[in-house]
Amino acid sequence: MSQAAVLEAGTTGSVIAEDVAPDFHTWGLAGCIYRLTEPLRQEGAGVRLETPHHGIEVPATSAALLYRAGQEILTNTFRHSRATEVTVRLEAVYHGIRLTITDNGIGFNPEHQGLASRDHGYGVCLMTMAVHEAGGTITTDSAPGRGTRVSITLPLD
C-alpha cells in the first residue's frame, strides 16, 4: 500500500473530518479544505482563505493528498495550537501547487517532533512520507510562543 493510501486510511482519528468524501468538482480543492476549518471557526478562531491563483487544474491524486494533509494539519491546529487566527493559502508555484497553513498559536519546537510516541499519533509522520513519495516537499516553521507554519509543495509535471 502506498504512503498516500496509508495517509488516506489513517485519518480516522482526525478531529476535523467530513462525513462524506470531499467533492472537489463542486467545491474545488480550496473550498474543500476551507470546509475543514469549521471546528476552528466554531471555537472562535478567525480563518482566512487565500487563493491567489485559483482555477489551476490539480490532478485528483494531488488534490486528495493536499486535502488529507490539510486535514491532518488543521486537526493538530485544533487540538494543540490554541490559535486565534489561521490562514490557509493554496497557490500555484513554478510547476507545482503549494498549500500553506499558518496559525498564531503557541507553537512548538520542531526538533522535538520526532517519531510518533504514545502521546502523539502517526499523522505527521505518514503525511511527510506521503508528500515525499509524491515527489513533494514539506516544511514546518514553528517556535514556542510564535505559532506554526506548515507548507507542502507538490509538483504538477
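Q: Why is Glu-91 called buried?
A: Glu-91 has 14% relative accessibility, so Glu-91 counts as buried; buried means under 20% relative accessible area, exposed over 50%, and partly exposed in between, with a 1.4 Å probe and protein chains only. The model is a predicted one, in which local features need pLDDT of at least 70 and side-chain atom pairs count only at pLDDT 80 or more, while totals for chains, interfaces and linings use all residues. Residues are numbered from 1 along each chain as its sequence is written, and side-chain values use heavy atoms, with hydrogens and water left out.

Q: What makes the contact of Glu-91 and Arg-89 a salt bridge?
A: The side chains of Glu-91 and Arg-89 meet at 3.3 Å, N to O. A salt bridge is a side-chain nitrogen of Lys or Arg within 4 Å of a carboxyl oxygen of Asp or Glu, so the pair qualifies.

Q: Why is Arg-89 called partly exposed?
A: Arg-89 has 27% relative accessibility and therefore counts as partly exposed.

Q: Which parts does the salt bridge of Arg-89 and Glu-50 tie together?
A: The side chains of Arg-89 and Glu-50 meet at 2.8 Å, N to O. Arg-89 lies in strand S2 (residues 85-93) and Glu-50 in strand S1 (residues 46-50), so the pair ties together parts that are 39 residues apart in sequence. Strands are DSSP runs of E with at least two residues, and helices are runs of H or I with at least four, numbered from the N terminus. Glu-50, at 23% relative accessibility, counts as partly exposed.

Q: Which residues are linked in a network of salt bridges?
A: Arg-48, Glu-50, Arg-89 and Glu-91 are linked in this way. The structure holds 5 salt bridges.

Q: What makes Asp-141 and Arg-149 a salt bridge, and how exposed is Asp-141?
A: Their side chains meet at 3.6 Å, N to O. Asp-141 has a relative accessible area of 47%, so Asp-141 is partly exposed. Arg-149, at 41% relative accessibility, also counts as partly exposed.

Q: How do you know that Asp-103 has no salt bridge?
A: Asp-103 is buried, and the nearest side chain of opposite charge, Arg-149, is 10 Å away. Lys and Arg count as positive and Asp and Glu as negative, while His and the chain ends are not counted. Asp-103 is found in strand S3 (residues 96-103).

Q: What lies 2.7 Å from a polar atom of the side chain of Asp-103?
A: The backbone nitrogen of Gly-105 lies at that distance.

Key. Polar contact = N/O pair within 3.5 Å; in protein donor to acceptor, adjacent residues only side chain to side chain.
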